[in-house]
Each structure stands twice: as C-alpha cells, then as structure tokens.
Amino acid sequence: MKTRRVISTVIVVLLFGAMFVSCKKGKNSLATTADTLSYIIGLNVGESLMEMDSTLNVNAVCEAIRDVYNGKQRMTMEEARNYYLAEKTYFVHEKAKAHQERYLTDLSKRDRKYVRTRSGVTYKILRLGDQSHVGSMSSRDTVKIVYTLTDEEGRVIVEADTLRDSYRNLLKGLQEVVKMAGEGAHFNAWLPSKTAYDVEGNKELGIGANVLLNYDVEILDIKYNR
C-alpha cells in the first residue's frame, strides 16, 4: 500500500511539474531527460484537456497553474468547483434548448401537418378522437394510452407500451396534446426537454438531461371523473 501511495504521489508531482514547465514562456529546449519526461506528460495532459473542452483558454489555464505555484490563487477550490459546475450546467442547457428550437422549427416547416404549441411541443394528429370534451380535462381524469417513445436519433426507448394513469401524472407535453386530441386519437408529438424530463432526465428509462423526445400515441380510453 505504501508503494502505491508513493507511486501516486510521484505521478501527481510529475504531472503538475510538467504543466508548470510547459506553461512557462519561451521555447522548451528539452535539453535534459527531466525536460523530455515533463514534455511527454504535458502532451498527455494537453490531449486530456482537448477531449474535456477544446475551447479552454490555454493561457488562463497556465496562469492558474502559476498562481498555485506562487500561492496566489484568486479563488478557493470549492469556489472554483461550484462556479464551473454552474456554468457548465447552464451552458449545456441553453445549447440544448437552442438546438431543440431549431430542430422543431425546421420540422414544422418541412411537414405542415405539425402544429407547435406555445411551450414548443410540436405534434400532428394522425387520427382525430372524440371532441366532445376537448380542453376540459381535469387532474382527476384518467387515461389509457399505447405509445412508442424514441429519441431524436430514432433510438427506441419504450416500444408499444400500455399506460393507464391519472392525467395529472402525464408529462406536461403529453397533457397538452391529449386534451386536444380526444379519446380514440392517434398522434405523433415531439416534446422539447422542458416539457418532458428537463435537466433531471430519467435514469429508469435511460434518458439523459436535456433530451428531445418523440411520442407516437394512441389514446385508447379516457375516464372523466367529474
């Protein structure tokens, strides 16, 4: 165990030492074995950073390393971690939202049968259902549907599953279409992530955060509990 700790410590020291050397201004002549080893480790660090985020400002990364070596950090590690996680979460969410908006806008232009709601749900009615209770569904009503769920790439997540549940328990995006389509309807709907599983995703179904979903749904039965 001691040997492993020593090896791990040496690797960490070499890693940060290599990053410090590689960030110094001027050309590295690689005159010594230590310089060459440091450069090789630096190459690996650079490759890892490129895979993590190719938009990183290398000069800022090097500046942070120099600050650590000089004991003049501008923020604590906890502050840095919290800021980084918050920014990455916001960036990923906003990027996904913009992509989904473009995708659904283009879809409705290609196929004029698709209708977009205010929330961004984009659907088309393949078979219109009973319209006698359209728009009047309440949280106490129950529905029975058969549906196939796929993602944007066409990967099947749920295939022809039957669901009987309270209307209030349906995803917000599905609620919008079900109350307009009516009993006996068949529709296809694209749900932007904010009307489905949003940033939480659904681990049980294997759905990640910010995922655009497609539902092909047949409404078999609606029970109105007035």
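Biologist: Which residue does R116 form a salt bridge with, and how far apart are the closest N and O atoms?
Modeller: R116 pairs with E101, and their closest N and O atoms are 3.2 Å apart; a salt bridge here is a side-chain nitrogen of Lys or Arg within 4 Å of a carboxyl oxygen of Asp or Glu. R116 lies in strand β1 (residues 115-116) and E101 in helix α4 (residues 77-110), so the pair ties together parts that are 15 residues apart in sequence. Helices (H or I, at least four residues) and strands (E, at least two) are DSSP runs, numbered from the N terminus.

Biologist: What should I keep in mind about the model and the numbering?
Modeller: This is a predicted model, in which local features need pLDDT of at least 70 and side-chain atom pairs count only at pLDDT 80 or more, while totals for chains, interfaces and linings use all residues. Residues are numbered from 1 along each chain as its sequence is written, and side-chain values use heavy atoms, with hydrogens and water left out.

Biologist: What about R164, which residue does that one meet in a salt bridge?
Modeller: R164 meets D221, with the closest N and O atoms 2.7 Å apart. Since R164 is in strand β4 (residues 156-166) and D221 in strand β6 (residues 213-223), the pair ties together parts that are 57 residues apart in sequence.

Biologist: And is D221 buried or exposed?
Modeller: D221 counts as buried, at 18% relative accessibility, where buried means under 20% relative accessible area, exposed over 50%, and partly exposed in between (1.4 Å probe, protein chains only). The side chain of D221 also forms a salt bridge with K223 at 3.8 Å, N to O, and K223 is partly exposed at 44%.
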